[in-house]
Amino acid sequence: LIIGLLTGCIAGYYGGILDELLMRFTDIIFAFPALILAMALVVALGKTLDNVMIALILVWWPSYTRVIRGEILRVKQEVYVEAAKAVGCSDFRVIIRHILPNAIYPVLIVASLDIGAVVLSVAALSFLGISGVPAGYADWGQMISYAQAWIGKGAPLEKYWYAFVIPGLFIFVFVLGWNLLGDAFRDILDPTIRRR
């Protein structure tokens with residue numbers, strides 16, 4: 001989120017060649033499927049939990065950059081921003097005091113929705129065996145992977161259904177909860193919805 005905010009603020013506020021360079025680099029990151037790129041980064045960096053987090057950070061920032069850049073392009077045209085520039089406020093003050101507080105809400109909504117997606121991605125990496133979580137830890141993806149291997153070796157499915165249903169249910173409820181919270185944030189923070 002912080003990388004995306006910084007990149008999007010710089011690109012949206014200053015524009016020009018800097019905007020073009022930053023946004024084309026963002027497009028390059030977007031060109032790769034997020035989970036595949038995260039898998040490649042984890043394998044390249046090493047299979048540790050810290051490297052999984054680094055890989056997901058390097059994969060997830062472009063969406064925040066796009067959202068905040070669009071909002072900054074919209075907000076920087078407002079009269080109060082022009083007035084702040086006219087009285088001699090520095091670029092940093094204009095961004096921090098006048099633009100960012102009025103442009104941050106869509107990013108917060110996307111961030112709340114992405115928490116569930118990130119947990120789902122970590123579970124997928126763990127299911128595939130490249131999450132870096134040591135064997136035996138209570139990791140939802142790893143638990144489903146073990147259950148799949150165990151049931152695949154001849155354990156009766158109807159007797160040991162809970163081995164994969166319970167971790168899958170917890171993943172489902174967690175992701176659903178964050179998505180519902182993100183929708184609630186959108187309903188609260190979106191002024192067009194409040195007017196209806």
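**Pro-101 and the helices around H6**

Apart from its neighbours within four places in sequence, Pro-101 makes contact with Ile-95 and Ile-96. The model is predicted, and in it Pro-101 belongs to helix H6. The relative accessibility of Pro-101 is 34%, so this residue is classed as partly exposed. Between the C-alpha atoms of Pro-101 and Ile-28 the separation is 29 Å, the two residues lying 73 residues apart along the chain.

Helix H6 comprises residues 91–103, and the distance between its end C-alpha atoms is only 16 Å, whereas a straight helix of 13 residues would span 18 Å at 1.5 Å a residue. A bend of about 25° is located at Arg-97, with Pro-101 following within four residues. Val-94, Ile-95, Ile-99, Leu-100 and Ala-103 are the buried residues of H6. Their cover includes H1, H4, helix H5 (79–86) and helix H7 (105–127).

The axes of H1 (residues 2–14) and H4 (residues 49–75) come within 7 Å, crossing at roughly 35°, and the crossing is right-handed. On the H1 side, the contact is formed by Ile-3, Gly-4, Leu-5, Thr-7, Gly-8, Cys-9, Ala-11, Gly-12 and Tyr-13; H4 contributes Ile-57, Trp-61, Tyr-64, Thr-65, Ile-68, Arg-69, Ile-72 and Leu-73. By residue class, this contact contains 11 nonpolar, five polar and one charged.

Key. Residues numbered from 1 in each chain as written. Predicted model: local features only at pLDDT ≥ 70, side-chain atom pairs only at ≥ 80, totals over all residues. Heavy atoms only, no water. Axes fitted to C-alpha atoms, helices over the stretch in contact; angles between N-to-C directions. Helix = DSSP H or I, 4+ residues; strand = E, 2+ residues; numbered from the N terminus. Left-handed = near helix turned anticlockwise from the far one by under 90°. Contact = heavy atoms within 4.5 Å. Nonpolar A, V, L, I, M, F, W, Y, C, P; charged D, E, K, R; others polar. Expected span 1.5 Å × (residues − 1). Bend = angle between axes of the 7 residues up to and from the residue. Buried < 20%, exposed > 50% of the residue type's maximum accessible area, 1.4 Å probe, protein only.
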